[in-house]
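Please open the model in your viewer and keep the selection panel at hand. The tour below goes from one selection to the next and says what is there at each stop.

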Amino acid sequence: MTTPDNASGTPETPAETAADAAPAPTGVAAQNWAQAAVDPQYRAAVVDLLGALAYGELSAFERLAEDAKLAPTLLDKSELAKMASAEFHHFEQIRHRLTEIGADATQAMEPFVAALDGFHRQTAPSDWLEGLVKAYVGDSIASDFYREVAARLDADTRQLVLAVLDDTGHASFAVEKVRAAIDAEPRVGGRLALWARRLMGEALSQSQRVVADRDALSTMLVGGVADGFDLAEVGRMFSRITEAHTKRMAALGLAA
């Protein structure tokens, strides 16, 4: 899954910034999987979370492979193919972990297929640049969400989630290509800014619907399982995600 690459000048995610000064983990966050999974509701929430993340990674692989077909040069094609391969490796890591904890990976992903496929149908890019912005904006919003949730997970699950959120290189690649396109033709910037705002709205709406539809996951987020967020913190979480989006738009040279 693509996340902002700090070396490229794009901003750190809120979770990354907070992690630097975060206190030592307590509660479930201080436990390993074997300890935390004693609670069946927590286990169900983690299976849901990993199922959603697995299908997100599989979808990212498919999208990058499709984007490669639109790439204007062979070098661009090869770069996107390499990124797609990294996304598939992330998917395999999650699938392996689901099997390891006794869950069926296909069944874990199934509840999220319709929602994610619907999002991608509604936000199908019309050209190469829109595809780059979609992957950069959409995947980064998802990564911010998973990083926020990861802080409340057991140590083993948290380590896996953070590992599969490692940047595949798409962030710096997208920033470079989009900024070059805007420099060459400034009018492109207005169109891409509107597109990114649409993506932001759709991504947040979709994530909220997915959480609301999954009882175990929503219960964990609002504090009903172990050390979840409370309702006020959920609101602040989405505010932080929106703020990070604004900074990414600036990195692209676009108005939020």
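Is the crossing of α3 and α4 left-handed or right-handed? The crossing of α3 and α4 is left-handed, where a crossing counts as left-handed if the near helix is turned anticlockwise from the far one by less than a right angle, and as right-handed if clockwise.

Before going further, note that this is a predicted model, in which local features need pLDDT of at least 70 and side-chain atom pairs count only at pLDDT 80 or more, while totals for chains, interfaces and linings use all residues. Residues are numbered from 1 along each chain as its sequence is written, and side-chain values use heavy atoms, with hydrogens and water left out.

**First selection: α3 and α4**

Select residues 74-100 for helix α4 and residues 40-70 for helix α3; helices (H or I, at least four residues) are DSSP runs numbered from the N terminus. The axes of α3 and α4 cross at roughly 160° and come within 8 Å, the axes being lines fitted to C-alpha atoms over the stretch in contact, with angles that run from 0 to 180 degrees between N-to-C directions. That makes α3 roughly antiparallel to α4, since angles under 35 degrees count as roughly parallel, over 145 as roughly antiparallel, 65 to 115 as roughly perpendicular and the rest as oblique. In the contact of α3 with α4 there are 17 nonpolar, 2 polar and 6 charged residues; here contact means heavy atoms within 4.5 Å, and Ala, Val, Leu, Ile, Met, Phe, Trp, Tyr, Cys and Pro count as nonpolar, Asp, Glu, Lys and Arg as charged, and the others, Gly among them, as polar.

To show the contact, pick residues of α3 including Val47, Tyr55 and Arg63, and residues of α5 including Met109, Phe112 and His120. By class, this contact has 9 nonpolar, 4 polar and 3 charged residues.

Centre the view on Glu62, Arg63, Glu66, His120 and Lys134, which lie nearest the centre of the second largest pocket among its 13 lining residues. On a 1 Å grid over the protein atoms alone, a pocket is an open set of points with protein on both sides within 12 Å along at least five of seven lines, a cavity is a set where a 1.4 Å probe fits but cannot get out, and lining residues have an atom within 4 Å of a point. α3 gives the most to this lining, with 7 residues, and by class the lining has 4 nonpolar, 3 polar and 6 charged residues.

The largest cavity has a volume of about 420 Å³, a volume being the space filled by probe spheres set on grid points joined across faces, edges and corners. Select Leu116, Ala142, Tyr146, Ala203 and Ser207, the closest to its centre of the 27 residues that line it. The largest share of this lining, 7 residues, comes from α6, and the lining divides into 18 nonpolar, 6 polar and 3 charged residues.

Note on methods
Helices (H or I, at least four residues) and strands (E, at least two) are DSSP runs, numbered from the N terminus.
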